[in-house]
Amino acid sequence: MEIHVGMGRNGSLLLLRSADKGVDRYHASAARAGFAAESLPVLSCVQEPYTSTVQAALVDSDRFSCLIFTSHQAVAAAGVVLASAGHLGLMARWRQLPIFAVGGRTADAVAAIFGVHAKGGSAGSAAALGAVILQAYGLGGESTASGHGELKRKPALFLCSRIARGDLTEVLTAGSIEVDQVVAYDTCGNPFAGDEVVAALSSAIQDSRSPSLRVWVVFFSPSGVSAVLPTLQHCEHTFGKCVYYAAIGRTTATALEDGGVTVHAVAQNPNAEALIASIIESSVD
C-alpha cells in the first residue's frame, strides 16, 4: 500500500493503524491542530482459528457477569459469531449484561455491533478499565453497583488477542472477580509494512517546506513496533533529524524504548485528543 503523507503547517503524522470508516477522528484532530495525517495499517487480524472457542463462550452467556473488550478487533470477532445463523437470540441476552471497553474506537464498535453504550470507554488502559469494573460492582473505590450481588459470583468474559497482557485480569482477580480470558483473534505483521513506512516517511520529508517541521511516526501497539521497527531502524540514517516517535500508551512506548528508540511523546489515553496533546507538548519542549 502506497501512502503519501503531506505536510501541515505544524508537521505530519504517520499513524500506524487502519483508518476509521467515514470521518477518522485521528485525522480530524490532527488537521484541527495544523498537522497533516495519514494512516498506514501494519497489522492484520486473524479470527478463524479462534471462532469456535469464542462461540462456545458466547453461547454460555448465563454463566457470565459481564463482557469485556480492550480492542475493536475482539468486538468484531464477537460480532461475527453473534450474527451467524442460530445465534441471533444471543445478542439480546448479552445486551442485558454490562459491557465494558477501553478506548473510543472499541466503545464505538460495541455501539455499532451490540447497540448499547459500553462502560469505561474513557479508561486509558486495561488496568484502568479494571478499576472501573471493580467500582461498578462495588469492589473498589466509590461503589456504583446496583443489584449486582448475584453477578459478582459469576466470572467476567474477557475476549482478547492471543498476545494480550495480563494487566486487566490481574486487577480483577485481585479484586475478587474471576475472569474467563478467551482468545478471539491474533495479529500478524504485514511483511512489507516496514518498507511502506520508510517510503511514506521519505515522501513526507521531501515535501517538507522547512527543516524545523517534524514528521511523527505514531505506534499504537507493541505488535506494530515488532512489525516495523527493524526496517525503520535500518533506514533511519536517511531521514535526518526531522523524524520523531510517538506511542499510544506506556506499554507501546516501552516496546519502542526496549528497541533502542527515543520516544518523544506518549499519549496517556488511547484517543486522538491525548495523542495530539502529547505531541504539541513535546514540540513546545
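This is a predicted model: local features need pLDDT of at least 70, side-chain atom pairs count only at pLDDT 80 or more; totals for chains, interfaces and linings use all residues.
**The parallel sheet**

This open sheet has 4 strands in the order β1-β8-β9-β10, and their pairing is parallel. From one strand to the next the twist averages 25°. Within the sheet, strand β8 (residues 214-219) pairs with strand β9 (residues 243-248) in the parallel sense over 5 bridges, and Phe219 stands opposite Ala247 in β9.

**The mixed sheet**

Another open sheet has 5 strands, arranged in the order β3-β7-β6-β4-β5, and here the pairing is mixed. Its edges are formed by β3 (43-46) and β5 (99-101), each of which has a single partner strand, so one side of each is left without a neighbour in the sheet. Neighbouring strands of this sheet are turned against each other by 25° on average, direction ignored. What is the sense of pairing between β3 and strand β7? Strand β3 and strand β7 (residues 179-189) pair in the antiparallel sense, over 4 bridges, and Cys45 stands opposite Thr187 in β7. Helix α8 (residues 167-174) packs on the sheet, where it touches β4 (66-69), β6 (156-161) and β7, and the direction of helix α8 makes about 170° with that of β7.

**Aromatic pairs**

The structure holds 6 aromatic pairs, including the two set out in the table.

| Pair | Distance of ring centres | Angle of planes | Kind |
|---|---|---|---|
| Phe69 and Phe114 | 5.9 Å | 50° | tilted |
| Phe100 and Tyr137 | 6.3 Å | 50° | tilted |

Phe69 lies in strand β4 and Phe114 in helix α5 (residues 104-114), so this pair ties together parts that are 45 residues apart in sequence. Both Phe69 and Phe114 are buried. Phe100 lies in strand β5, whereas Tyr137 lies in the loop between α6 (126-136) and α7 (149-152), so the pair ties together parts that are 37 residues apart in sequence. Phe100 and Tyr137 are both buried as well.

**Lys119 and its contacts**

Lys119 is found in the loop between α5 and α6, and at 41% relative accessibility Lys119 counts as partly exposed. Which residues does Lys119 contact, leaving aside its neighbours within four places in sequence? Lys119 is in contact with Pro98, Ile99, Phe100, Ala101 and Leu129; among these, Phe100 is the residue whose ring pairs with that of Tyr137. Lys119 and Ala74 are 45 residues apart in sequence, and their C-alpha atoms lie 16 Å apart in space.

**Gln233 and its contacts**

Gln233 has its place in helix α10 (residues 222-235) and counts as partly exposed at 32% relative accessibility. Leaving aside neighbours within four places in sequence, Gln233 is in contact with Gly259, Gly260 and Val261, and the side chain of Gln233 reaches the backbone oxygen of Gly259 at 2.7 Å. The C-alpha atoms of Gln233 and Asp24, which are 209 residues apart along the chain, are separated by 29 Å.

**Cysteines**

A disulfide is a covalent bond between the sulfur atoms of two cysteines. How many disulfides does the count give? With the requirement that the two sulfur atoms lie within 2.5 Å, the count comes to 0 disulfides. Cys188 is in no disulfide, and the nearest cysteine sulfur, that of Cys45, is 8.6 Å away. Cys242 is likewise in no disulfide, the nearest cysteine sulfur being that of Cys235, 14 Å away. Is Cys242 buried or exposed? Cys242 counts as buried because its relative accessibility is 13%, which falls under the limit of 20%, whereas Cys188, at 35% relative accessibility, counts as partly exposed.

How values were computed. Residues are numbered from 1 along each chain as its sequence is written. Side-chain values use heavy atoms; hydrogens and water are left out. Buried means under 20% relative accessible area, exposed over 50%, partly exposed in between (1.4 Å probe, protein chains only). Two strands pair if DSSP finds at least two bridges between them. Helices (H or I, at least four residues) and strands (E, at least two) are DSSP runs, numbered from the N terminus. Axes are lines fitted to C-alpha atoms, for helices over the stretch in contact, and angles run from 0 to 180 degrees between N-to-C directions. Contact means heavy atoms within 4.5 Å. A polar contact is a pair of N or O atoms within 3.5 Å; within protein, one must be able to donate a hydrogen and the other to accept it, and residues adjacent in sequence count only if both atoms are side-chain atoms. Rings of Phe, Tyr and Trp (its six-membered ring) pair if their centres lie within 6.5 Å; planes under 30 degrees apart count as stacked, over 60 as edge-to-face and the rest as tilted.
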